[in-house]
Amino acid sequence: MKLTNYGLVEFVKTKLGIPYVYGMKGEVMTQANFNYLQRTYGVDLVWNSDEKKVGKVCVDCSGLISWYIGKNKSSSQFKLESSAQPISSIASAPVGAAVWRNGHIGVYMGNGLIIEARGSQYGVVQTKVKERDFTHWFLLNDIEYIDTPEAKDVVQDDDIEVKREIIIVNGREYEVNIIRKDGTTFIKTRDIAKLLGIKVSSKGSIPIFTTK
């Protein structure tokens, strides 16, 4: 299955309520895990009360995203791989963008909402951008950002092949990525907008088109 922004959003929705323990990446925490993490990171990050979560699946903030992509990365590693934008421009962020501040990361759901592994007191919860202290947002390097929810089922189908093909716009030929499924042709919104000289952004899952 291909990794996409909509796939990430659906994934983190299923993790709401999972306990937070610093250093955990979505596996069952054993007593040995707890002892090692507290010895390594100290009681300020791995609380004494976290020991009560032994035997439960636990995760930290970067672990929530790492769990989906299958690679363990820290919040700082995720940010270093991408071009971060100020949180004041979050309205332009697509669904599945990462929201970030120093030492913490979450997933933007659209419409001002976030899902984040917030901390030992909270676990994985849904919050609002305006009520939190994130400073930046960016696109994750490990997933593909698709423009519409309708395209999700296409790009996540392992039997679908994306090909570079020619289309004609106003009498001129252009090469773009083409996806075909069940007799229907799909072309990325951003590709078409670029060819037509239209700026495209999004508000949550809603595409926004602006003539230049």
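Predicted model: local features only at pLDDT ≥ 70, side-chain atom pairs only at ≥ 80, totals over all residues.

Me: What is the strand order of the whole sheet, and which are its edge strands?

Reply: As a general idea, strands of a sheet pair through backbone hydrogen bonds, and the pairing can be parallel or antiparallel. Here six strands form an open sheet with antiparallel pairing, in the order β3-β8-β4-β5-β6-β7. Its edge strands, each of which pairs on one side only, are β3 (85–86) and β7 (124–128).

Me: Which strands does helix α1 touch, and which does helix α3 lie across?

Reply: Helix α1 (residues 5–13) packs on the sheet, where it touches β5 (104–110) and β6 (113–117), and its direction makes about 110° with that of β5. Helix α3 (residues 61–69) runs at about 60° to β5 and lies across β5, β6 and β7.

Me: How many residues are in the largest nonpolar core, and which of them have the most contacts inside it?

Reply: In soluble globular proteins, nonpolar side chains tend to be buried together. The largest nonpolar core in this model has 28 residues, and V12, I105 and L140 have the most contacts inside it. At least two residues of this core come from each of α1, α3, β4, β5 and β6. Leaving aside neighbours within four places in sequence, I105 is in contact with residues including C61, I65, W100 and F138. Another core, of 10 residues, lies apart from the largest one, and among its members are A97, V99, I114 and W137.

Technical notes:
Residues numbered from 1 in each chain as written. Heavy atoms only, no water. Pairing = 2+ DSSP bridges. Helix = DSSP H or I, 4+ residues; strand = E, 2+ residues; numbered from the N terminus. Contact = heavy atoms within 4.5 Å. Axes fitted to C-alpha atoms, helices over the stretch in contact; angles between N-to-C directions. Core = buried A, V, L, I, M, F, W, Y, C linked by side-chain atoms within 4.5 Å. Buried < 20%, exposed > 50% of the residue type's maximum accessible area, 1.4 Å probe, protein only.
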